[in-house]
Amino acid sequence: MKLNFNMNMNIRQRMLIIIMSITSIVLIISTIISFFAMYDGKKQVRRVGDEIIQKSTESSSKILSEQKISELLHIAEDKSEDVNSSLLYLMRDVDLIADAMTNIYTHPDKFFPRILEDYNKISVQYDSSIKDQSFTTDMGMMANLQNMLYNFNETNPMVDLMVLSSKDGVTIGTRNKNSNRSRSNEDESKIYNVLSVDWYKKAVSERKIIFSDVRNFVFSGKPGFFCAEPYFNGNNEIMGVAAAQISLERINKMVQEVELYNTGFCFIMDNHGRVILSSDDDVYSEDNPSEVGISLKRDVRDLENKELAEAAEKMMAGEKGIVKVKIDGATHYLAFAPVEITGWSFATAIEEKEVNEPIKENNEIIEEVTNSNIEELSDRLKFTIIFTIILMILVYIATVYANRKLSDYFVRPIYQLSDDVREIASGNFDKKIEIHTGDEIEHLAAVFNAMTDELKRYMENLTKITAEKERSAAELNVAKNIQLSMLPNNFDFKRKDFEIFASMEAAKSVGGDFYDFYLIDKTHLVITIADVSGKGVPAALFMATSKTILKNFVLTMRNPDDFAAVMTCSNQQLCQNNKAMMFVTVFMGMLDLRTGEFFFVNGGHNPPLIYQNNQFNYLKLNKACVLGIKKNFSFTQQKTVLNDGDIIFLYTDGVTEAMNLNHEQYNEKRLQDFLNQSSKNIPLEELLKEVKKDVKKHAGEAEQSDDITMLALRFNKI
Amino acid sequence: MSNSKVNFSSETKGDWIIWTISGSVDMTTAAETEKKGREIVENNSKVALDMSQLEYISSAGLRVLLILTQMAEDEEKEFAICGAKGDVKDVLEDSGMDVLLNLNDSLSDVVGG
């Protein structure tokens, strides 16, 4: 039962193990593949991301830097334009004043000399070579424009002061608005040798509006320049020059106001290659260590820095453009545009590293964005991986469950089969196994059913046979009981003159052997051994009859010579109504315990052995017939004499004809030899046991087929 | 087992049916032998039992021979036992069967030729 249970478990476990193994392998492989794919995907994303970063950085950085550089140029252009416009505006004012003076001298009849009304507004200076007449005339004519000069000065923020100078050396001018000098200062120089001044000489020689070079002013010492234009009389003779003084600080703010980048700065270079204004410098600085610092003494084109010198050359040529140059050791982008009126150039500069800075920034932004995207992608991949793992686990659990169900499905009929078989085994042969799975198990069930039918038939047969067997066994038992009850088993006669012992071992199928011994008087002992043919109850009954008849006749005997007659009479009795042809072989002897005379009659029995003269020999018997067949047979008796210690050994053919598996009989010769070599003085019981042991030894495994009966008698002569 | 088993064969020679028993007739084979013998004696009037191939006969076998002989006598048929030798012959003589049975030394003594 337990084995059966284990076997079921085994099938289920085996199925479980096999399916689980396959599922596990598939799951592990697919997990590995998906993980590998996801890992590879992640790597791919990383790689693509890096590529995007690189590519977009490259292109966007290029755009950004280009943008920045072009912006630098735009600023330079715009600012140069601004400066140009401002100077144009200034030129217009100067031109208007010059035109006005020309108009006065062209029409001297229309204008009268006037006096200067307010010395707080207008100052007068004169050349050291002045003549008094000219002083009065010129000043009188110039005084016509005193208010115009003042107003123009007031309204144009670029102008320090407006000046009119006559060809005779008289100069009137507005007072410097921001001058620290007090007009009451008596020390104020009245001498101004205008005729030898740069702007006057340039305007006269060129006979048109001019800009003077930048220099430090005579009175204030500030750096600046003049815009000057000659005026004429009707004969186109130069009568004087109108001029405006512009200090650089007036236009400095146009440089300072420029909004550039961190490292950016701008400067204005004049037509002599000198840096006159710079967003990095104070207007008044001199000997600035920077290569593009303000210096009225230095021409940038003379610098050792060839790149910068070349750039300055271009700027002087009135070109517009961008160059990459080293300034003060750092690489800069330098953009420049001309201020056309003066021939100056407005320049903006920025360090290359700042141009590249947005590139870096840009890189960082792009990288950040890309990385955050990758991060997100990684997160999603992580989620996918976790999801995959959970899914795998669920699939695994589902497989286990399904497998359990499946194995149950397969194993259940086996359980049913085993239950049904158990029921059949417990004796219910009418039980039919009902399994309809359509597979091998159903086939097995059908075979079991067939077997059960067979078993049932067999059991019925067996019952019948067993009943029969029991009957015959009972019969045999009866026979055996009859046989055994007939045999005397008290061997102790409490006498010293003889010793007797007998034994009978019945075969399974009970023969009809018997032995007998009794004293008929104090001196005569009768011994008998017989073998009834056939077996079972009839043989046993025949034996009983034979034994009784024999003993009865012996007891009626009066003379030892009648011993043969006993046998003859017994035969006649046994022959009556013996249709079944039962017969019995008998050997009967009578010992006279006084003399040792041994009378014996044989009725077809095996010849006994007799121990005489220290030797066992077979008794020589008269020819005789078995009892029970031939009614008129006359038996004869024989006689021998025993001496002290002589032995008579009677036996049935169960001894001599005992067979071994090779169908060899024990035989008379072996019996005789065995008795001869055994000790003759031992108790007879021992002797019989020894013989029986030897017979058994010969028979070995072979079944005993006939009764083994022996009787031994020792005569002890007193 | 085959050694202890008995085998029968029969052939007709002239008036006689020759019944040959080989092997051994003991308590276990006696019933079988008796049945076969009764059948043969019933159907034939002259039966010669050839015992030359018989190796062993027990008292149960002797009884079968007595029964068949008695049966043949009752039906006035002939039942001749021939060719017994060795142990078989000794048993027959020791038990005085030569007095009771129709024993012959050889088959040819009975059926001739």
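Which residue of E12(A) does A:Met269 stand opposite? It's A:Ser345, and we'll get to that strand pair in a minute.

First, some housekeeping. What we're looking at is a predicted model, where local features need pLDDT of at least 70, side-chain atom pairs count only at pLDDT 80 or more, and totals for chains, interfaces and linings use all residues. Residues are numbered from 1 along each chain as its sequence is written, while chains are lettered from A and ligands numbered from 1 in the order in which they are written.

Okay, the two chains. Chain A has 718 residues, and 33% of them are buried; by buried I mean that 20 or more other C-beta atoms lie within 10 Å of the residue's own, with exposed being 12 or fewer, partly exposed in between, and C-beta atoms placed from the backbone. Chain A comes to 13 helices and 22 strands. Helices here are DSSP runs of H or I with at least four residues, strands are runs of E with at least two, and both are numbered from the N terminus. Chain B has 113 residues, 47% of them buried, and comes to five helices and six strands. Read from the N terminus, chain B goes β-β-α-β-β-α-β-α-α-β-α.

So, back to strand E8 of chain A, residues 265–269. Why call it largely enclosed by the rest of the structure? Because five of its five residues are buried. A:Phe265, A:Phe267 and A:Met269 sit on one side, A:Cys266 and A:Ile268 on the other, and both faces are covered. On pairing, the rule is that DSSP finds at least two bridges between two strands. E8(A) has five bridges to E12(A), residues 344–351, and the two run antiparallel. That's where A:Met269 and A:Ser345 stand opposite each other. E8(A) also pairs with E9(A), residues 275–278, antiparallel again, over three bridges, and there A:Ile268 stands opposite A:Leu277. E8(A) and E9(A) make a hairpin with five residues between them, and A:Gly273 in the turn has a positive phi of about 80 degrees.

One is an open sheet of five strands, antiparallel, in the order E14-E15-E16-E17-E20. E14(A), residues 512–521, and E20(A), residues 637–641, stand at the edges with a single partner strand each, so one side of each has no neighbour in the sheet. Its twist averages 15 degrees from one strand to the next. For angles, axes are lines fitted to C-alpha atoms, for helices over the stretch in contact, and the values run from 0 to 180 degrees between N-to-C directions. E17(A), residues 597–603, pairs with E20(A) over five bridges, and A:Phe600 stands opposite A:Gln638 there. Helix H9(A), residues 536–555, lies across E14, E15 and E16 of chain A, at about 20 degrees to E14(A). Helix H10(A), residues 563–575, lies across E16, E17 and E20 of chain A, at about 25 degrees to E17(A).

The other open sheet also has five strands and antiparallel pairing, in the order E13-E22-E21-E18-E19 of chain A. Its edges are E13(A), residues 498–505, and E19(A), residues 615–618. Eight bridges join E13(A) to E22(A), residues 708–715. Helix H13(A), residues 684–699, lies across E13 and E22 of chain A, at about 145 degrees to E22(A).

Over to chain B, and helix H1(B), residues 30–43. Which of its residues are buried? B:Ala30, B:Thr33, B:Glu34, B:Gly37 and B:Val41. The face turned away carries exposed B:Lys35, B:Glu42 and B:Asn43.

Last, where do the chains meet? 18 residues of chain B are in contact with 24 residues of chain A, contact meaning C-beta atoms, placed from the backbone, within 7 Å. H2(B), residues 59–74, and H4(B), residues 97–100, each supply at least two residues of chain B's side. The largest share, seven residues, comes from H2(B).

Definitions and conventions:
Contact = placed C-beta atoms within 7 Å.
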